[in-house]
Amino acid sequence: MKNFITFEGIDGSGKSTVSKLVAEKLKAAGYPAVWTFEPTDSKVGQFVQDCIRSHSDPFVTSFTFIADRIQHCKAITQWMQEGTVVLCDRYAESTYAYQAAQLEDTIKNPLKWLQDLSKDRILIPDRTFLFVIDPKASLARIQHRDELIPFEHLAFLEKVHNNYLTVSKGKRFLHLDATKSIDELVTLCYNDIIK
Ligand code: TMP
């Protein structure tokens, strides 16, 4: 059984819908589970949302996402100590993938810089699902939304997509084909978590 699971992918990859359904399925099967997300809805998390929408300086945005995560880890630790399975919609790889894309022309190795900044201050998940989808297809899925945030355009999401592929090597990661049906994805995640 895995206890701390994160869901990653570009905007429109379907990870929020699937992660919520997986949490429901776990609860229905009698496992205590909580679904949470980043950026969080705390004061820091709300400030992060403002940073994204107001095109803030990428360093400010990076530090703020990390601050939000360090604070979030306190709650995650508490849930895990209570024996609750924690499913988190976006976590550290979001910062590596998105903020490295923002910082790519500013510093030498933004991915490593971002990883080094917080790695000793945050929890390592037992499993990270990466929802892999072509950025054109994911954008087509979210075009109808009332508001698209500044990150939701093709050139940027292509960089984010490539960063995700770079940072998701290793045993902790499971790549999922995000064009599969929601039911299939929920079952894949659920079976992997309870294994
Ligand atoms: P959401 O769509 O999952 O609510 O996330 C809002 C946006 O924030 C989304 O485009 C991804 C972005 N994001 C980052 O750029 N860095 C991060 O660390 C996180 C958690 C999200």
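A search of the whole structure finds one cavity of 30 Å³ or more. The model is predicted: local features need pLDDT of at least 70, side-chain atom pairs count only at pLDDT 80 or more, and totals for chains, interfaces and linings use all residues. Residues are numbered from 1 along each chain as its sequence is written, and side-chain values use heavy atoms, with hydrogens and water left out.

Q: What makes a space a cavity, and what is the volume of the largest cavity?
A: On a 1 Å grid over the protein atoms alone, a cavity is a set of points where a 1.4 Å probe fits but cannot get out. The volume, the space filled by probe spheres set on the points, is about 40 Å³ for the largest cavity.

Q: Which residues line the largest cavity?
A: The lining (an atom within 4 Å of a point) is G9, I10, L130, F131, V132, I133, H161, Y164 and L165. β4 (127-132) and α7 (154-167) each supply at least two of the lining residues.

Q: Why is α1 called oblique to α8?
A: The axes of α1 (residues 15-28) and α8 (residues 182-194) cross at roughly 55 degrees. Angles under 35 degrees count as roughly parallel, over 145 as roughly antiparallel, 65 to 115 as roughly perpendicular and the rest as oblique. Therefore α1 is oblique to α8.

Q: Which residues make the contact of α1 with α8?
A: Contact means heavy atoms within 4.5 Å. α1 contributes T17, V18, L21, V22, K25 and L26. α8 contributes I182, L185, V186, C189, Y190, I193 and I194.

Note on methods:
Axes are lines fitted to C-alpha atoms, for helices over the stretch in contact, and angles run from 0 to 180 degrees between N-to-C directions. Helices (H or I, at least four residues) and strands (E, at least two) are DSSP runs, numbered from the N terminus. On a 1 Å grid over the protein atoms alone, a cavity is a set of points where a 1.4 Å probe fits but cannot get out, and a pocket is an open set with protein on both sides within 12 Å along at least five of seven lines; lining residues have an atom within 4 Å of a point.
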